[in-house]
Amino acid sequence: MITERQAKVIRGAGTPAQAEQGSIYSAGVSAETAGAAGLWLGIISLPPGRRTSAHLHAAHESALFMMSGGEVELFTGAKLEHRDVIRPGDYLFIPAGLPHVAVNPSDTPAVFMGARTDPNANESVVMLPELDARLVEMARLT
């Protein structure tokens, strides 16, 4: 069965909004802007000197490309035991169900092009406050 579909041009990203985990996002392609059924694409930023809250995305994968900013630290794992540094030009993949925190210690915003396999603006985020406490404790130890 062939269904009639149309391409949709979205001029610019939508109005910036703060995600529950603390990053700022502007949807380009989403369920809301384009009627997407399985994809979200947009701009995600993390202000200078800020970090996201510990969280995971229960039901979707995320892919990001760092477009600009200073170095960003990414802590991942069940106890946030893994640390990676992301720089402009780097790609990042976050599988569904992986706890993570992004930290922007620089004095410039970190800006990413992001895509995820959930088309909704309010995606399947699960907050992990017990890991936020662990991150604070880890910072005290260093």
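This is a predicted model: local features need pLDDT of at least 70, side-chain atom pairs count only at pLDDT 80 or more; totals for chains, interfaces and linings use all residues.
## Burial, and the model at hand

A residue counts as buried when its relative accessible area is under 20%, as exposed when that area is over 50%, and as partly exposed in between. W40 has 0% relative accessibility, so it falls in the buried class.

## The overall picture

The protein comes to 2 helices and 12 strands. Going along the sequence, the pattern reads β-β-α-β-β-β-β-β-β-β-β-β-β-α. Contacts reach across the chain a lot: take those between residues at least 6 apart in sequence, and 71% of them join residues at least 24 apart.

How does the radius of gyration sit against that of a compact globule with 142 residues? The globule would come out near 14 Å and the protein has 16 Å, which agrees. Along the principal axes, the C-alpha atoms fill a box of roughly 60 × 30 × 25 Å. Of the 142 residues, 41% count as buried.

## The six-stranded sheet

Here 6 strands make an open sheet, ordered β1-β2-β3-β11-β6-β9, with antiparallel pairing. Which strands sit at the edges? They are β1 (17-18) and β9, each of which pairs on one side only. In general, strands of a sheet pair through backbone hydrogen bonds, in either a parallel or an antiparallel sense.

Now for some individual pairings. Strands β2 and β3 are antiparallel over 5 bridges, and V29 has L41 of β3 as its bridge partner. Further across, β6 is joined to β11 (residues 110-116) by 6 bridges, again antiparallel. On to β9, which pairs with β6 in the antiparallel sense over 4 bridges.

## F65, bridged on two sides

F65 belongs to strand β6 (residues 62-68). Its bridge partner in β9 is Y91, and its bridge partner in β11 is M113. Both of those residues turn up again in the contact list: apart from neighbours within four places in sequence, F65 touches G89, D90, Y91, V111, F112 and M113.

Is F65 buried, exposed or partly exposed? At 28% relative accessibility, F65 counts as partly exposed, because that figure lies between the 20% and 50% cut-offs. For a sense of distance, the C-alpha atom of F65 is separated by 16 Å from that of H100, which is 35 residues away along the chain.

## Two aromatic pairs

How many aromatic pairs does the model hold? The count comes to 2. One of them is Y25 with W40: the ring centres are 6.2 Å apart and the planes are at 70°, so the pair is edge-to-face. The call follows from the angle, because planes over 60 degrees apart count as edge-to-face. This pair links distant parts of the chain, with Y25 in strand β2 (residues 24-29) and W40 in strand β3 (residues 40-46), 15 residues apart. Y25 has 13% relative accessibility, so Y25 counts as buried, and W40, at 0%, does too.

The rings of F65 and Y91 also pair, with centres 4.7 Å apart and planes at 50°, so that pair is tilted. Again distant parts of the chain are linked: F65 is in strand β6 and Y91 in strand β9 (residues 91-94), 26 residues apart. Y91 has a relative accessible area of 68%, so Y91 is exposed.

## A charge over W40

R116 lies over the face of the W40 ring, at 4.3 Å from the ring centre. So what is W40 itself, buried or exposed? W40 is buried, with 0% relative accessibility.

Note on methods: Residues are numbered from 1 along each chain as its sequence is written. Side-chain values use heavy atoms; hydrogens and water are left out. Buried means under 20% relative accessible area, exposed over 50%, partly exposed in between (1.4 Å probe, protein chains only). Contact means heavy atoms within 4.5 Å. Rings of Phe, Tyr and Trp (its six-membered ring) pair if their centres lie within 6.5 Å; planes under 30 degrees apart count as stacked, over 60 as edge-to-face and the rest as tilted. A charge sits over a ring if NZ of Lys or CZ of Arg is within 6 Å of the ring centre and within 35 degrees of the ring normal. The radius of gyration is taken over C-alpha atoms; the globule rule is 2.2 Å times the number of residues to the power 0.38. Two strands pair if DSSP finds at least two bridges between them.
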